[in-house]
Amino acid sequence: MATHVEGLVDEVYLPPAELARGAHCSSMEQYEQLYKQSIDEPETFWGEIAKQFYWRQPPTGAFHEFNFDASKGRIFVEWMKGAQTNMSYNCLDRHVEAGHGDQVAFYWEGNEPADSARLTYAELLQRVKRFSNALRSLGVRRSDSVALYMPMVPELLVAMLACARIGAVHSIVFGGYSSDALADRILDGHCRLVITADGVWRGNKLIKLKHITDHAVELCAARGHPVERVVVVRHLPRLHHLVPSVGDQPGGSEPYNVKTGWNSGRDMWWDDALEGVSDECEPEWVDAEHPLFMLYTSGSTGKPKGVLHTTAGYMLYVATTFKYSFDFHPEDVYWCTADIGWITGHSYVTYGPMLNRATSVMFEGTPFYPTGDRMWEVIDKYAVSKFYTAPTAIRALMRLGDETVKRHSRQSLKVLGSVGEPINPEAWLWYHRVVGDARCAVVDTFWQTETGGHVITPLPGATPTKPGSACRPFFGVQPALLDEQGEEIHGPGEGYLVFRRPWPGIMRTVFGNHERFETTYFKKFNGFYCTGDGARRDEDGYIWVTGRIDDMLNVSGHLLSTAQIESALIEHPDVSETAVVAAPHSVKGECVYCFVTTRHGVAWTEQLQKQLILKVRERIAPFAAPDYLQYAPGLPKTRSGKIMRRVLRKIAQGDRDLGDLSTLADPGVIEPLFEHRCAGAGGALH
């Protein structure tokens with residue numbers, strides 16, 4: 001229940017007493033002490049944490065160096081210079097050699113409830129060693145980039161850890177992206193080997209991953225970048241007894257029949273790649289700043305950015321945030337519902353949990369298949385104690401009613417995490433009261449692909465929480481609020497959320513484009529990393545993230561570029577101009593609202609709208625498809641020709657309080673836009 005705490009305004013929720021008693025951080029006094037040391041003595045703080053990992057060679061240079069001020073030279077971040085280690089070794093060998101090989105690393109839960117498996121640390125290590133050797137036999141060497149376009153199957157874990165083991169750089173692309181988007185990422189990352197699967201069932205929908213990959217590879221070849229090898233996991237045959245409609249059984253060496261092609265000189269089955277390879281594979285010992293992975297995130301220009309993370313600092317940070325943010329203990333069973341194709345999956349499905357020797361659930365399915373009970377069934381099946389999901393899922397599950405949750409025990413739950421976007425207070429309270437029976441801590445985490453791990457988050461055994469607030473900075477993180485002129489806002493206020501120093505897990509660059517890295521994140525405010533998000537700080541110093549300030553959308557936790565969607569729409573020959581904005585959505589948080597001006601004489605028809613939706617789905621991904629398409633006879637522009645997006649956002653919401661229109665070139669465009677506004681748009685979160 002909510003409690004008034006002396007010194008804090010508003011009602012807050014205290015950490016559960018039983019959880020706090022055994023927590024790694026059990027009071028705000030302890031938090032403040034640890035936080036102060038992490039800021040004042042970062043070498044001591046992180047150096048102590050580093051002792052739990054294996055280092056082939058300890059640091060020989062400066063433990064920590066950086067420059068955040070573009071006016072003083074090149075932006076850079078370095079941690080533990082001179083150290084050598086290997087991520088795969090620290091996730092696997094270290095635990096097996098300590099006698100924990102028989103511990104379950106992952107319970108794999110398939111799309112179909114009857115399809116499940118378990119994988120111990122020893123079994124996973126053996127599979128990683130074998131696939132590491134397979135990659136080497138296919139010509140993959142240290143620092144080479146490998147693209148992974150895969151479902152949530154154990155082979156994805158094996159592939160990413162094998163890349164890390166041999167010093168290759170994995171570039172994982174979410175299995176919901178289109179062939180165009182996949183091709184863009186293969187090309188930008190210079191990947192000559194792609195790992196995929198024949199297909200995957202997501203709910204009752206079949207996604208033909210090999211077919212999408214084939215088209216992406218063709219696009220790459222047409223643009224002068226031939227992909228040399230495609231390794232394909234046979235995933236669908238093992239589901240044949242569960243889903244008879246999947247297709248025909250494979251005959252001989254022919255690929256499984258999901259209506260895809262097969263290039264015998266390029267394509268290879270996963271099992272064939274493993275034929276005859278050794279079980280032994282010495283890790284490639286890499287420098288602290290050796291690239292571990294790149295992960296693409298949308299940019300405001302429309303071109304995805306390859307966010308590059310390196311080895312040692314990322315390892316320290318994801319291990320530490322996982323341990324403290326979820327108050328992880330060896331007896332816990334942990335479940336993060338994210339796909340590994342997103343940063344949440346990298347940091348809090350794979351690396352963070354494995355570095356802490358966690359037993360985790362890896363989930364292939366969706367929260368609503370075959371019924372809306374699925375999440376609660378899985379929690380009870382594996383006695384999950386620490387659960388991490390997105391506000392979009394929470395809001396959608398709320399709509400099914402409390403009884404869907406309450407007919408399941410959930411007694412194992414201790415910590416409930418939220419990730420991907422700011423959670424609205426109503427969803428936070430439902431999560432706490434209904435899912436957690438008002439006895440679990442709720443951890444609302446703020447972070448980004450670029451930050452590598454949590455940067456603002458409550459600690460479940462220490463922080464009094466406020467529904468909707470990410471609360472306080474994590475260790476080593478120094479946030480600030482700036483106004484449009486770059487002046488710092490002290491005390492309560494609202495502005496740009498920035499950080500004044502690096503933590504070990506922050507990104508190091510944009511792959512192949514360091515200038516874009518500097519311009520995007522550091523040149524708006526010299527001396528600060530700019531998140532692109534706005535935030536409010538209350539009287540108690542609690543931080544409330546308010547959402548994107550730049551031309552980006554956060555749809556169900558997926559960061560999308562308005563420019564990227566506009567580029568897809570404008571490709572249609574009947575479209576002359578487009579503008580895309582975010583509109584509130586009761587489940588997704590934000591949705592895609594498009595204003596479209598057709599060419600002279602072209603009618604605004606249902607067929608045209610369907611074509612535009614299909615265009616976005618094909619160019620980007622189904623999750624980027626517009627929720628609303630509005631005919632726009634004209635768009636509001638300044639006298640210099642810039643589209644006034646803040647005005648369009650107001651129109652999408654049906655809000656006639658448009659603010660200052662003194663720079664509007666043609667006031668006559670406004671009323672027709674309200675007349676053509678899509679019915680039902682702009683619903684508030686509830």
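**Figure 1. Lining of the largest cavity in the predicted model.** The residues that line the largest cavity are Asn86, Met87, Ala164, Gly167, Ala168, Val286, His290, Pro291, Leu292 and Thr311. A cavity is a set of points, on a 1 Å grid over the protein atoms alone, where a 1.4 Å probe fits but cannot get out, and lining residues have an atom within 4 Å of a point. The lining comprises 6 nonpolar, 4 polar and no charged residues; Ala, Val, Leu, Ile, Met, Phe, Trp, Tyr, Cys and Pro count as nonpolar, Asp, Glu, Lys and Arg as charged, and the others, Gly among them, as polar. The largest cavity holds about 50 Å³ of space, and 3 cavities of 30 Å³ or more are counted. Grid points are joined across faces, edges and corners, and a volume is the space filled by probe spheres set on the points. The model is predicted: local features need pLDDT of at least 70, side-chain atom pairs count only at pLDDT 80 or more, and totals for chains, interfaces and linings use all residues. Residues are numbered from 1 along each chain as its sequence is written, and side-chain values use heavy atoms, with hydrogens and water left out.

**Figure 2. Packing of helices H4 and H6.** H4 (residues 87-100) packs on H6 (residues 154-165) at an angle of about 120°, with the axes 7 Å apart. Helices (H or I, at least four residues) and strands (E, at least two) are DSSP runs, numbered from the N terminus. Axes are lines fitted to C-alpha atoms, for helices over the stretch in contact, and angles run from 0 to 180 degrees between N-to-C directions. H4 and H6 are therefore oblique to each other, given that angles under 35 degrees count as roughly parallel, over 145 as roughly antiparallel, 65 to 115 as roughly perpendicular and the rest as oblique. Met87, Ser88, Tyr89, Cys91, Leu92 and Asp93 of H4 meet Leu161, Ala164 and Arg165 of H6, where contact means heavy atoms within 4.5 Å.

**Figure 3. Crossing of helices H13 and H15.** The axes of H13 (residues 391-398) and H15 (residues 425-435) come within 10 Å and cross at roughly 70°; the two helices are therefore roughly perpendicular to each other. Ile394, Arg395, Leu397 and Met398 of H13 contact Glu426, Ala427, Trp430 and Tyr431 of H15.

**Figure 4. Backbone geometry at proline 370 and aspartate 327.** The peptide bond from tyrosine 369 to proline 370 is cis, with omega near -5°. Aspartate 327, although not a glycine, has a positive phi of about 45°.

Technical notes:
1 Å grid on protein atoms, 1.4 Å probe; cavity = no way out; pocket = protein on both sides within 12 Å on 5 of 7 lines; lining within 4 Å.
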